[in-house]
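I opened the notebook to record what I looked up, one entry per topic. The structure comes below, and the entries follow.

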Amino acid sequence: MGRRIVLGMLGLGAVGVAAGRWLSDGVTEVVASTAPGLANVLPATGGFRIYTVTSGYPEYDPATYRLAVNGLVRDELSLSLADLAALPQTGITKDFQCVTGWRVANVPWSGVLLRDVLTAAGVEPGGAALHFTSFDGVYTESLTMEQGMAPDVLVATSMFGAPIQEKHGAPVRLYVVPMYGYKSLKWLSGIEVVRDVIPGYWEQLGYDVDAYVGTSNGRSDDPVV
Amino acid sequence: MVAAMTLSSDAAVAPVQLQRFGTAERWVHRTIGILLLILIITAALLFIPDLGGLVGNRQTVRRIHEIVGFALPIPLLLALLSRAFRDDADRLNRFRPTDWQWLRSRDRRSGRIPVGKFNAGQKLNAAFSLGAILVLLATGTVMFFSSYFPDALRTGATFVHDWLSIAFIIVVVGHIYMAFNDATARLGMRSGSVPESWARREHGEWAAEELGTAAPND
């Protein structure tokens with residue numbers, strides 16, 4: 001009998017793996033419509049899984065926080081939260097897709113388009129790529145200038161209609177709509193305009209530099225458009 | 001077998017002890033327990049955003065979870081070398097009609113329904129735990145070698161791994177709770193032997209078998 005239970009569980013496990021994508025979507029839908037708060041506690045019900053590469057969440061003081069924009073620019077900028085709030089604001093509601101497979105549907109973001117920040121600084125000739133740094137002191141990311149100037153790359157200051165939470169990268173993070181989540185660097189503190197792409201943290205560990213959802217990293221997820 | 005026979009006149013001062021678990025079984029139990037504890041802690045850090053945020057270092061936590069996960073079956077496989085472990089596995093595998101009666105009855109602790117070396121709850125726990133470990137190992141392997149599997153299987157494996165681990169943790173907590181309420185049972189797993197009186201009360205058939213008054217039944 002014990003053996004039958006073990007074999008039965010192996011069978012159920014196999015069925016669960018085969019039907020898992022469908023079941024998992026079902027659970028996400030049910031939780032979203034009945035107890036949306038649950039996803040914050042149990043990401044298996046459709047919420048964000050929180051990834052950090054350092055201990056805890058990096059601290060900052062809203063009064064002294066500055067976003068540095070430098071490198072090949074006409075004017076180096078040091079933007080406070082008030083400065084960012086004074087730039088044209090853009091809202092985007094799109095999915096967030098992680099390269100490990102989870103996806104959070106219809107996340108409302110807002111902030112300043114990266115291209116509006118770059119326009120304010122003025123990109124000098126030769127500035128063909130962007131190097132992003134996080135004040136966690138470790139994480140970095142990259143985009144080509146063309147990717148960064150697209151109208152769906154946000155220097156986000158708000159998420160779900162409220163200031164970005166610590167775990168999501170407060171006070172400022174990137175949201176790169178068409179790419180996997182690792183491109184959307186959290187705790188953004190520096191944007192440097194450079195000549196060539198410098199692969200970011202995960203890209204040095206083997207992930208694709210051009211991380212378009214559905215056509216990179218060997219995955220076939222539905223694109224985020 | 002009777003570990004210590006005493007003269008009847010001494011019985012009151014030196015209670016008879018019955019050998020319940022051998023060295024191999026106790027070591028396997030201890031090793032699996034420690035490995036599972038590490039797996040549960042790292043799982044909680046990987047899985048619950050607000051806990052994981054306190055510790056961070058996701059890569060390191062993940063690496064520990066993976067190494068310990070792949071190490072989990074090793075003590076089980078080594079245990080198969082032990083005759084006592086295999087015998088107990090046989091006993092755990094064997095369900096008898098009285099086991100179902102025992103599970104359904106309200107007075108299952110009264111001793112009315114005979115219980116062998118393991119009661120039906122322990123048998124179910126053992127089977128579920130082994131099944132859960134194997135399924136978690138298999139789905140964890142898919143997640144570890146994820147680049148070799150299509151997206152749908154990766155998502156499916158993650159789904160099964162997530163929810164089965166929640167169920168398994170609940171069962172493990174239940175197991176610890178039952179042990180918490182029975183100091184003699186814990187002593188049995190720690191020292192290997194239990195007093196005859198406890199054995200007669202909790203595992204009457206097994207006690208009779210050990211004392212030589214009944215043939216082995218399960």
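**Entry 1: the interface of chain B and chain A**

I noted at the start that this is a predicted model. I then looked up polar contacts across the interface of chain B and chain A, and the rule finds 6 residue pairs, both partners at pLDDT 80 or more. Next I asked which helices of chain B supply at least two residues each of the side that touches chain A. They are helix H2 (49–55), helix H3 (58–71), helix H7 (120–144) and helix H8 (151–180). The largest share, 14 residues, comes from H8(B). I also sorted the residues on this side of chain B by type: 22 are nonpolar, 10 are polar and 5 are charged.

I went on to the extent of the interface. In contact are 37 residues of chain B and 38 residues of chain A. The size of an interface is often given as the accessible area lost when the parts come together, so I looked up that value next. Chain B and chain A bury about 3,100 Å² between them. Of this area, 64% is on carbon and sulfur atoms.

**Entry 2: salt bridges**

Side chains of opposite charge can pair when their charged atoms come close. How many salt bridges are there between chain B and chain A? I found a count of 1. The side chains that meet in a salt bridge here are those of B:Asp162 and A:Arg49, at 2.8 Å from N to O.

Over all chains, the structure holds 16 salt bridges. I looked at one within chain B, formed by B:Arg62 and B:Glu66, where the closest N and O atoms are 3.0 Å apart. Both residues lie in helix H3 of chain B. They are 4 residues apart, about one turn of the helix.

**Entry 3: a nonpolar patch**

I looked for nonpolar residues on the surface and noted a patch formed by A:Leu7, A:Leu10, B:Leu130 and B:Leu134. Together they have about 310 Å² of accessible area. Helix H1 (2–34) of chain A and H7 of chain B each supply at least two residues of this patch. I checked A:Leu7 separately and placed it in helix H1 of chain A.

**Entry 4: chain B as a whole**

I counted the elements of chain B and got 11 helices and 2 strands. Along the sequence, I read the pattern β-α-α-α-α-α-α-α-α-α-β-α-α. The C-alpha trace of chain B spans about 70 × 35 × 35 Å along its principal axes.

**Entry 5: backbone details in chain A**

Where in chain A does A:Pro171 lie? I found A:Pro171 in the loop between strand E8 (162–163) and strand E9 (173–176). A cis peptide bond joins A:Ala170 to A:Pro171, with omega at about 0°.

I also noted A:Phe160, which has a positive phi of about 55° although it is not a glycine. A:Phe160 is in the loop between strand E7 (153–159) and E8 of chain A.

Note on methods: Residues numbered from 1 in each chain as written. Chains lettered and ligands numbered in written order. Heavy atoms only, no water. Contact = heavy atoms within 4.5 Å. Buried area = accessible area lost by both parts, 1.4 Å probe. Salt bridge = Lys/Arg side-chain N within 4 Å of Asp/Glu carboxyl O. Polar contact = N/O pair within 3.5 Å; in protein donor to acceptor, adjacent residues only side chain to side chain. Nonpolar A, V, L, I, M, F, W, Y, C, P; charged D, E, K, R; others polar. Patch = residues over 30% accessible without salt bridge, like charges linked within 9 Å, V, L, I, M, F, W, Y side chains within 5 Å. Areas by Shrake-Rupley, 256 points an atom, 1.4 Å probe, with all protein chains shown as cover.
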